[in-house]
Amino acid sequence: MKELICIVCPKGCHLQVDEDRNYAVSGNSCPRGEEYGRMELTHPTRVVTSTVRCTGGAHPRCPVKTEGPIPKELIFQAVRCLDGVELTAPVRTGDVVVADVCGTGVPFVATRDL
Amino acid sequence: MYDLIVIGGGPAGLAAACSAWGKGLRRILIVERDKELGGILNQCIHNGFGLHYFKEELTGPEYAGRFIKMLGDTGVEVRLDTMVLTVTPDRQVHMVGKDTGYRVEEARTIILAMGCRERTRGAIAIPGQRPAGIFTAGAAQRYVNMEGWLPGRRVVILGSGDIGLIMARRMTLEGAEVLACVEVMPYSGGLNRNIVQCLRDYDIPLYLSHTVTDIKGRDRVEQVVVSRVDAHRRPIPGTEMVFDCDTLLLSVGLIPENELTRQAGAAMDPRTSGAVVYENMETSLPGVFACGNVAHVHDLVDFVTAESQRAGQSAADYVLGRTGGEEEALEVCTGDGVSYTVPQRIRPGRVDKSCPLFFRVNRVCGDSEILVRSGETQLACFSREHLAPGEMERIVLPRILLDRADERITVSIREVVSQ
């Protein structure tokens, strides 16, 4: 039995995950928590956010995020693949910045207009 | 004459203005001192915003962007690069702007949505030398996320508020080494999820019941000394740990930014450091409302939005003469375990169906009951499995219960002792 704090939302439910009973989750208050509890012990993932250089806009950096969660062990590789990426304004929220982050098929997208 | 002037164009101001427009006001002005709308959300590039309001997980700039877009579909006027200098009790707003110069505008209603600012080294009086390299976590966040500067390479963070935790991860991802996060209290001041995904994910140690007792360095921070503290938060001699580092980030609390509020003469609540507000977010000055972090520091922008929408609606009701109902107010008192409540006063006659009540507890509790009493009568009881000062609580009080209260109601916590 593993105790986890759910990070799906800011509520932070205290989960118990039973590895011996097919990763049965208790203590969650929503279905997303159940999925998180199982995933966290079998295949942990995170959404990664960072910034890239941007010229011609109101600010020199444009914030970006992975459009979906990627495996936790790829976080550092993912931010490294943003090195050297340079956008030119105008940038729109949702614009693809890196098409495929480390072979996950998940893109980095811009998270603001600039 | 404006129907409404909103001071501050962050999440609170944006939601308040949009909501007032939606409820029928047409002459609305937002005054914002920055060169763009969105407030502090613009530098909060991490995700986790909007789960309650948009039912999806957004980053700060995305959340702000949605409201800026909504505002763009209204006729609300916006003045950027404009600083409000004074608000008078008769609702004149003195402001100075880059393009508009010094102006005095009059309004039927005012919504105070100035947000909060960070406590600094001076506010908590950390001893030691005064070299460069000591930043508030939010200042560092702005340097890293908006301006593209890394403030340091070897970092100690004092305080475990959410911004500090978020910056621990952010600095790590940008190649800095975060040596420790140090918290004077025996529990974290941040959300649990941030302890997990910002510290544990990156193996950053969290020292609870510890604080910084010395800063060394001539020009730049060279060392930070951390000591354990006793139950009274006094450093224990002999427990010193020395960290070789070039940067100290402070995440030691937020203070609602209420200079204008005080100057205008609104009654203040020392527990929230914000104005005393009624159930509709109105301050003691008729027609002047406060919402968001200027009223009390929130953890979640979604709740700022909801509260500010109520303030916007209340301003519209005030202008359009829809504020009937009895004036008699109940005082909301803080009982055992509760450090503040918002609102602090409720006029049951003005409550439609129910009134949300926000509060924080002053200690970590397990299985607990939240009790609402009036005199000897228990009006309501809500159970919670877990309560912590870092997590704002919300209960909803139905009108029927409020009508049964007499003069004041008291909110308190009773921990349920398990057998």
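What percentage of the 114 residues of chain A count as buried? Here are my notes, and keep in mind that this is a predicted model.

1. Let's settle that opening question. In chain A, 39% of the 114 residues count as buried. For that label, a residue needs 20 or more other C-beta atoms within 10 Å of its own.

2. Now for the overall outline of chain A. Its radius of gyration is 17 Å, whereas a compact globule of 114 residues would come in near 13 Å. Along the principal axes, the C-alpha atoms of chain A fill a box of roughly 55 × 25 × 15 Å.

3. Next, have a go at tracing chain A. Starting from the N terminus, the order of elements is β-β-β-α-β-β-β-β-α-β-β-β.

4. Contacts are worth a look too. Take the contacts in chain A between residues at least 6 apart in sequence: 44% of them join residues at least 24 apart.

5. Over to chain B, where 5 strands make an open sheet with mixed pairing. Reading across that sheet, the order is β24-β22-β29-β26-β27. At the edges stand β24 (345–346) and β27 (377–384) of chain B; each has a single partner strand, so one side of each is left without a neighbour in the sheet.

6. Strand β22 (residues 330–334) of chain B runs antiparallel to β24(B), and 2 bridges join them.

Technical notes: Residues are numbered from 1 along each chain as its sequence is written. Chains are lettered from A and ligands numbered from 1 in the order in which they are written. This is a predicted model: local features need pLDDT of at least 70, side-chain atom pairs count only at pLDDT 80 or more; totals for chains, interfaces and linings use all residues. Helices (H or I, at least four residues) and strands (E, at least two) are DSSP runs, numbered from the N terminus. The radius of gyration is taken over C-alpha atoms; the globule rule is 2.2 Å times the number of residues to the power 0.38. A residue is buried if 20 or more other C-beta atoms lie within 10 Å of its own, exposed if 12 or fewer, and partly exposed in between; C-beta atoms are placed from the backbone. Two residues are in contact if their C-beta atoms, placed from the backbone, lie within 7 Å. Two strands pair if DSSP finds at least two bridges between them.
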